[in-house]
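Here's a quick tour of one protein model.

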Amino acid sequence: MVPTFIRDYREWHCGRQNYALWHLEINDQKLVDYLDTLRAHFSDFLLEPHSRQYHVTLFICGFLTDESKLYKDDFSFSEFEQQRKILIKEDFAPFHLKIGAVDSFSSALFVEIQDADNILSLIRQKLGTVSNEIAALDYCPHITLGLYKKAYSSDLILQKISELPVQYKYAEFELKIEHLTFGYYQAQTLQGKLYPSQHLFLGDSCCN
């Protein structure tokens, strides 16, 4: 596994502050409690502090800017307005997602999100007509539990996953998604808080 080091990644943010994304908020307290229990099980492996709220990343926009774009990963407010108008026009209905198994990327532990109707890909496709996403090529919907603090072997992490009690391996949660959230986090704060900026409610074309 690839560790994340606590430092200021200036070569990435170049002094810029707010890194924007569309995401799905996790507000179900029972699900939050379940995710907290999972984090506690893997606490010896995960980087602290961790104050970012549980969420499902939908589309990574880039660094917010009021002015002309200087870097490839800049994202203007006018682009956000274009995305918002496209989503309102499409008028997506509320939808459901299911929580899957615990799994691991090379740098992070996560819980799978099952999207049987492929609605997330449809929404991402519409957002991508305005700007290119700042992200890896393959989209895997998930809820991040934490970043690894050391270079652990994959076998060790898999062993720890296998030690989960049965009720946590196959927990059945369904998420009803009634709004999309546009927000940002502060790039200088590693695993810092997500700040919601606007909510786009599904089915009634209302954005607050």
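## One side of a helix

First, a word we'll need: a residue is called buried when its relative accessible area is under 20%. Keep in mind that this model is predicted.

Which residues of helix α5 are buried? In this helix, which covers residues 154-162, they are Ile 157, Lys 160 and Ile 161. Looking down the axis of α5, you'd find these buried residues within an arc of 100 degrees, so they line one face of the helix. Here's some background: an α-helix has 3.6 residues a turn, so residues three or four places apart point the same way. As for what the buried residues of α5 pack against, the partners are α2 (29-41), β4 (95-104), β5 (108-114) and α6 (166-169).

## The nonpolar cores

The largest nonpolar core has 47 residues. Those with the most contacts inside it are Trp 22, Leu 35, Ile 99, Val 102, Leu 109, Ile 123 and Leu 180. Helix α2 supplies the largest share of this core, with 5 residues. Another core, of 6 residues, lies apart from it, and among its members are Tyr 19, Leu 21, Phe 63 and Leu 194.

Let's zoom in on Val 102. Not counting residues up to four places away in sequence, Val 102 touches Leu 38, Phe 42, Leu 109, Phe 110, Val 111, Leu 145, Ile 161 and Leu 164.

## A buried leucine

Leu 175 sits in strand β7, residues 174-177. Is Leu 175 buried or exposed? Its relative accessible area is 6%, so Leu 175 is buried. Leaving aside neighbours within four places in sequence, Leu 175 is in contact with Ile 26, Leu 31, Phe 95, His 96, Leu 97 and Ile 99.

## Two helices crossing

Helix α3 (residues 77-90) and helix α4 (residues 119-127) pack at an angle of about 135 degrees, and their axes are 9 Å apart. That makes α3 and α4 oblique to each other. The contact is made by Gln 83, Ile 86, Leu 87 and Glu 90 from α3, together with Ile 123, Lys 126 and Leu 127 from α4.

The loop between α2 and β2 (55-65) holds Pro 49, and the peptide bond from Glu 48 to Pro 49 is cis.

Cys 14 isn't a glycine, yet its phi is positive, near 50 degrees. With 34% relative accessibility, Cys 14 counts as partly exposed. Gln 191 also has a positive phi, of about 60 degrees, but at 7% relative accessibility Gln 191 counts as buried.

Key
Residues are numbered from 1 along each chain as its sequence is written. This is a predicted model: local features need pLDDT of at least 70, side-chain atom pairs count only at pLDDT 80 or more; totals for chains, interfaces and linings use all residues. Side-chain values use heavy atoms; hydrogens and water are left out. Buried means under 20% relative accessible area, exposed over 50%, partly exposed in between (1.4 Å probe, protein chains only). Helices (H or I, at least four residues) and strands (E, at least two) are DSSP runs, numbered from the N terminus. The arc is that of the directions from the helix axis to the C-beta atoms. Contact means heavy atoms within 4.5 Å. A nonpolar core is a set of buried Ala, Val, Leu, Ile, Met, Phe, Trp, Tyr and Cys residues joined through side-chain atoms within 4.5 Å. Axes are lines fitted to C-alpha atoms, for helices over the stretch in contact, and angles run from 0 to 180 degrees between N-to-C directions. Angles under 35 degrees count as roughly parallel, over 145 as roughly antiparallel, 65 to 115 as roughly perpendicular and the rest as oblique.
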